[in-house]
Amino acid sequence: MTIELATSSVLTAIQTTGYFAPFFFILFHLFRQFLLIPIAVVCIAGGVLFGAELGSIFSVIGLTGSSIIFYLFSKGFPTLLQRFVKMKVKWLGTYTNLSIGQIIILRMIPFVNFSLISLCILDKTKTFRGYTKLSFLTHIPSALCFTFLGAAIQSLSPIILAVILVMLVVLVYFFREKQVLIKWNDFFVREKV
C-alpha cells in the first residue's frame, strides 16, 4: 500500500513537470531499483503518462540506465556483487548460463529480480560496451510488453495471468543453453583435510 501511494505521488509529480516529464520519468526508472518498485508498474505508468510509443522508448532508456548503474556498482562494490553471485548460485546453480532468449523472457516476468538478470548479462559479456548493448536489447521486449499491454494485463483474470506465467517459464526451459562448461579446477576440487 505504501509503495503504491509513493509511486502514485511520484508519477503525479512527474506529470506536472511539463516538458521535463520524460527526464524525470527516466530518473524515476534509475531510482526505482533502490525503492524496490516492480519494473512492470513503472512501465505501465509510462504508457499511461506518455502513450505506448513514447512510454516504451523512455522505459527502455531508463531500464538501460538502471543496468548501467548496476554495472558501475558491481565494479565499485565487489562485496555487493558477491551477494548477487550467491543469490544466482542459490537460485540458478553454479554452472547455469542463461541464453539471450532466456534473459529476454525472464525480463518479462514481473517478479524476477532485476539485478539477478543483470548479473547474468554481466557473466555473458566481457566489456562495458557489450554489457550495455545486451542490456538495451533485452529491455526492449519487456518495456514494449508492459507498456502496450499494461491495461490489458490489469484487467485479465488471475487464471489467464497464471497461464501466461507458466508459458513464460516453459519458454525459459526451451531457450536454455544445451551445454555447460565446467572449469578443470572446479571439477576436481580437493577435499580439505
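**Reading cores and helix packing**

Guide: Let's start with one detail of this predicted model: the side chain of Gln 102 reaches the backbone nitrogen of Ser 99 at 2.9 Å.

Visitor: Where is Gln 102 found, and is Gln 102 buried or exposed?

Guide: Gln 102 is found in helix H6. Its relative accessibility is 5%, so Gln 102 counts as buried, the cut-off being under 20%.

Visitor: Let's turn to the nonpolar side chains. How should I think about them, and which residues of the largest nonpolar core touch the most other members?

Guide: The general idea is that in soluble globular proteins, nonpolar side chains tend to be buried together. Here the largest nonpolar core has 20 residues, and those touching the most other members are Phe 70, Ile 103, Leu 106, Leu 119, Leu 122 and Tyr 131.

Visitor: Which elements give two or more residues to this core?

Guide: They are helices H4 (52-76), H5 (78-92), H6 (100-107), H7 (114-124), H8 (128-155) and H9 (158-174). With six residues, H7 gives the most to this core.

Visitor: And what does Tyr 131 touch?

Guide: Leaving aside residues up to four places away in sequence, Tyr 131 touches Ser 67, Ile 68, Phe 70, Tyr 71, Ser 118, Ile 121, Leu 122 and Thr 125. There is also a second, separate core of nine residues, with Ile 14, Ile 26, Ile 37 and Val 42 among them.

Visitor: Now for helix packing. How do I read it, and at what angle do H4 and H7 pack?

Guide: Two packed helices are described by the angle between their axes and the distance between the axes. For H4 and H7, the angle is about 70 degrees and the axes are 10 Å apart. H4 is therefore roughly perpendicular to H7, a label that covers 65 to 115 degrees.

Visitor: Which residues make the contact?

Guide: H4 brings Leu 63, Ser 66, Ser 67, Phe 70, Tyr 71 and Ser 74, while H7 brings Phe 114, Ser 115, Ser 118, Leu 119 and Leu 122. By class, the residues of this H4 contact with H7 are six nonpolar, five polar and no charged.

Visitor: How far apart are the axes of H4 and H5?

Guide: Their axes are 5 Å apart, and the packing angle is about 110 degrees. H4 and H5 are therefore also roughly perpendicular to each other. The contact involves Phe 70, Phe 73, Ser 74, Lys 75 and Gly 76 of H4, together with Pro 78, Leu 80, Leu 81 and Phe 84 of H5.

Visitor: How many charged residues does the contact of H4 with H5 have?

Guide: One charged residue, alongside six nonpolar and two polar.

Technical notes
Residues numbered from 1 in each chain as written. Predicted model: local features only at pLDDT ≥ 70, side-chain atom pairs only at ≥ 80, totals over all residues. Heavy atoms only, no water. Core = buried A, V, L, I, M, F, W, Y, C linked by side-chain atoms within 4.5 Å. Buried < 20%, exposed > 50% of the residue type's maximum accessible area, 1.4 Å probe, protein only. Helix = DSSP H or I, 4+ residues; strand = E, 2+ residues; numbered from the N terminus. Contact = heavy atoms within 4.5 Å. Polar contact = N/O pair within 3.5 Å; in protein donor to acceptor, adjacent residues only side chain to side chain. Axes fitted to C-alpha atoms, helices over the stretch in contact; angles between N-to-C directions. Parallel < 35°, antiparallel > 145°, perpendicular 65-115°, else oblique. Nonpolar A, V, L, I, M, F, W, Y, C, P; charged D, E, K, R; others polar.
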